[in-house]
Structure formats: C-alpha cells, structure tokens
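Subject: Structure handover and notes

Dear colleague,

I am passing the structure below on to you, together with my notes on what turned up in it. Please read them with the structure open beside you.

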Amino acid sequence: MLAALPGPTLAQERVTFPSADGKTTLVGYVFMPAAPSASMPAVVMMHGRAGAYSSAAKGRYDASTLSQRHRMWGALWAANGYVAVLVDGFGPRGYPAGFPRFSFENRPDVVNEVTVRPLDAYGALTWLRTRNDIAADRIGLHGWSNGASATLAAMAAGEGFARPASLKGFSAALVFYAGCGLRGRFDDGYRPYAATQVFHGTADEEVSYRRCRRLVERSRKAGGDIDITLYPGATHGFDDPGRTRQNIPANRSAKDDATARALRFFAERLAAPRP
C-alpha cells in the first residue's frame, strides 16, 4: 500500500560525506521513515540547477530552507518506507543559491552534470552503504533537471565513475525533465545499466522533451531498459508544489500521474526479494 502524498516537511538530519571526486565534502539532508526497520531501501535525490534550497532562502542554507519540491519528495519517500537523502552538490562548491535559468554556458565546470555530479551520487551511494539500517542492494537514484541529467550520466553502462566493480550500482533511476544533450557524451549511444524512467512535459521552457524522447528511443532500440512518459502542456518543474506551477492544470495532472508512477516504479524495482 503506497502512502498518500504528504505536505512538505523538514529533513530530520543534516549529514556530510565525501563525493567520489575525492576532494569534496558534500552535505546531505536525510528523511527517515516514521518506523525505521533493520533493512530499508533508500533513495538518493539530486537537485536541479537552482540548487537544493528555496529561492527565498535569503542566505540561510540549511534544512529549514530546502525547496518545497525537495521537502515534499523527501517526505513522500520516507512515508513509503525509504530513507531519502538529498545531496547538496552546489553549496560545498561555493554555489548554494544555484544558477539562474538559461545560464548553462556560464556555469563552472566544477559542477558539471556529466563528469562531476554523478560522482556526488556515488558518494551518497557509498555513504548509505555504510549504514547498517540500509539494504545495500536496494538504492534508487532520483534527479530533477540538471540533477536529472546527472542521473542519466550516472546510470550509463560502461562509464563506471567511482563505482567499485565489486559493488552493484543503483537499482533503478527516476529522471524528471532532464537536459538530455549531456554535453555530447552519449551521442554515439546511451544505455543505462538498470531500469530508468524519464518524465517530461511537452511545454518545457528550459530543456527539450524531443531530445529526451530521441535519447530514450535510441537507447531502447539498443536494448536499454528505459522508458519516457510525456505530459502534454506540462512545463519544466511541473511537480513543484508551489502555487505558480500548480496553477497550470497540465502541471497538476502531470504531478499526480508522475508521482503515482514513480512510487510504483521504485516499489517494483527496490522491493525486498521474496524468501
């Protein structure tokens, strides 16, 4: 039984752990189930280009100023039995407020979503696997926008990043309105090593849904376990619970459907094996 969508809530814990880049200490915000158990599945959450925090943070960057979207999803995963950790990859590198729209060409390479941010995802994965309350083989990856691009890159078969050969990577991934150009890295083909589900609105004003559709179609033809759900009329950030986005009917519909699909997807892919 999947829990209903909760309202935004605060993370219960702020933690730090190393990125797999070998030089950055990341900040994570942990959302825990109300009734923790001995072997829980987990979700690593990757924020978009605006960063982990609300645009109204006013220089205060902590659990109290996380964006509504991240708090909503963290609470949702926790309500459904997952330990969720939101990774702040921008703050520790000097960019806690993130970046404005259409600033792609001017962002520093230190936050590159194809070569750097996937290493943050694997840093979080490694940290989760140090905990004795986490099922090490049932950890999913969930990204939005720039963090969704990082999620796609992290899931690419053969890339490796800092994923030890002796350890399985993420069990599945959710990709919300990614920039699918991926800096040309996968122009010759893309195939995720685990099941990946992409969500995108056709009225996205920041990144191209057509490019993502082409990436998914080519990947599926090559045997990739990846699918895309398109939402007519939905914009970038359609799942943001704020009034601005949810005043758009197509966004409300897309948010409800994508939330239900995301819950089912991880419930299936991260479920405990039957005895």
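Is Asp62 buried, partly exposed or exposed? Asp62 is partly exposed, because its relative accessible area is 23%, a value that falls between the 20% under which a residue counts as buried and the 50% over which it counts as exposed. Please keep in mind throughout that this is a predicted model.

**Salt bridges**

The side chain of Asp62 meets that of Arg60 in a salt bridge, with 2.8 Å from N to O. Arg60, for its part, is exposed, with a relative accessible area of 51%.

A search of the whole structure finds 12 salt bridges, and two further pairs deserve a description of their own. In one of them, Arg69 is bridged to Asp239, and the closest N and O atoms are 3.4 Å apart. This pair links distant parts of the chain, since Arg69 belongs to helix α1 (residues 68–79) while Asp239 sits in the loop between β8 (226–231) and α5 (243–246), 170 residues apart. Both partners are covered: Arg69 is buried, with a relative accessible area of 15%, and Asp239 counts as buried at 0% relative accessibility.

The other pair is Glu205 and Arg245, whose salt bridge has its closest N and O atoms 2.9 Å apart. Here too distant parts of the chain are linked, with Glu205 in the loop between β7 (195–201) and α4 and Arg245 in helix α5, 40 residues apart. Glu205 counts as partly exposed, at 28% relative accessibility. Apart from these pairs, I would point you to a network of salt bridges that links Asp21, Arg93 and Asp120.

**A positive patch**

Arg210, Arg211, Arg213, Arg214 and Arg218 form a positive surface patch. One of these residues, Arg211, lies in helix α4 (residues 209–221) and counts as partly exposed because its relative accessibility is 43%.

How many of the nine residues of α3 are buried? Nine of the nine are, so the helix is largely enclosed by the rest of the structure. The buried residues of α3 are Asn146, Gly147, Ala148, Ser149, Ala150, Thr151, Leu152, Ala153 and Ala154.

In helix α5 you will find Gln246, which is buried, with a relative accessible area of 12%. When neighbours within four places in sequence are left aside, Gln246 is in contact with Phe238, Asp239, Asp240, Pro241, Asn251, Arg252 and Lys255. Asp239 on that list is the residue that forms a salt bridge with Arg69.

**Backbone angles**

Most residues other than glycine have a negative phi, and two residues may therefore be worth a look with that general point in mind. Lys58 has a phi near 55°, a positive value in a residue other than glycine; Lys58 is placed in the loop between β3 (40–46) and α1, and it counts as exposed at 78% relative accessibility. Ser145 also has a positive phi, of about 55°, although it is not a glycine. The place of Ser145 is the loop between β5 (134–144) and α3 (146–154), and Ser145 is buried, with a relative accessible area of 10%.

**The loop between β4 and α2**

Pro92 lies in the loop between β4 (83–88) and α2 (117–128), where it counts as partly exposed at 32% relative accessibility. Which residues does Pro92 touch, not counting those up to four places away in sequence? Its contacts of that kind are Thr24, Thr25, Leu26 and Val27.

The C-alpha atoms of Gly94 and Val114 are separated by 19 Å, the two residues being 20 residues apart along the chain.

With best regards

Methods. Residues numbered from 1 in each chain as written. Predicted model: local features only at pLDDT ≥ 70, side-chain atom pairs only at ≥ 80, totals over all residues. Heavy atoms only, no water. Patch = residues over 30% accessible without salt bridge, like charges linked within 9 Å, V, L, I, M, F, W, Y side chains within 5 Å. Areas by Shrake-Rupley, 256 points an atom, 1.4 Å probe, with all protein chains shown as cover. Salt bridge = Lys/Arg side-chain N within 4 Å of Asp/Glu carboxyl O. Lys, Arg positive; Asp, Glu negative; His and termini not counted. Charge placed at Lys NZ, Arg CZ, Asp CG, Glu CD. Helix = DSSP H or I, 4+ residues; strand = E, 2+ residues; numbered from the N terminus. Buried < 20%, exposed > 50% of the residue type's maximum accessible area, 1.4 Å probe, protein only. Contact = heavy atoms within 4.5 Å.
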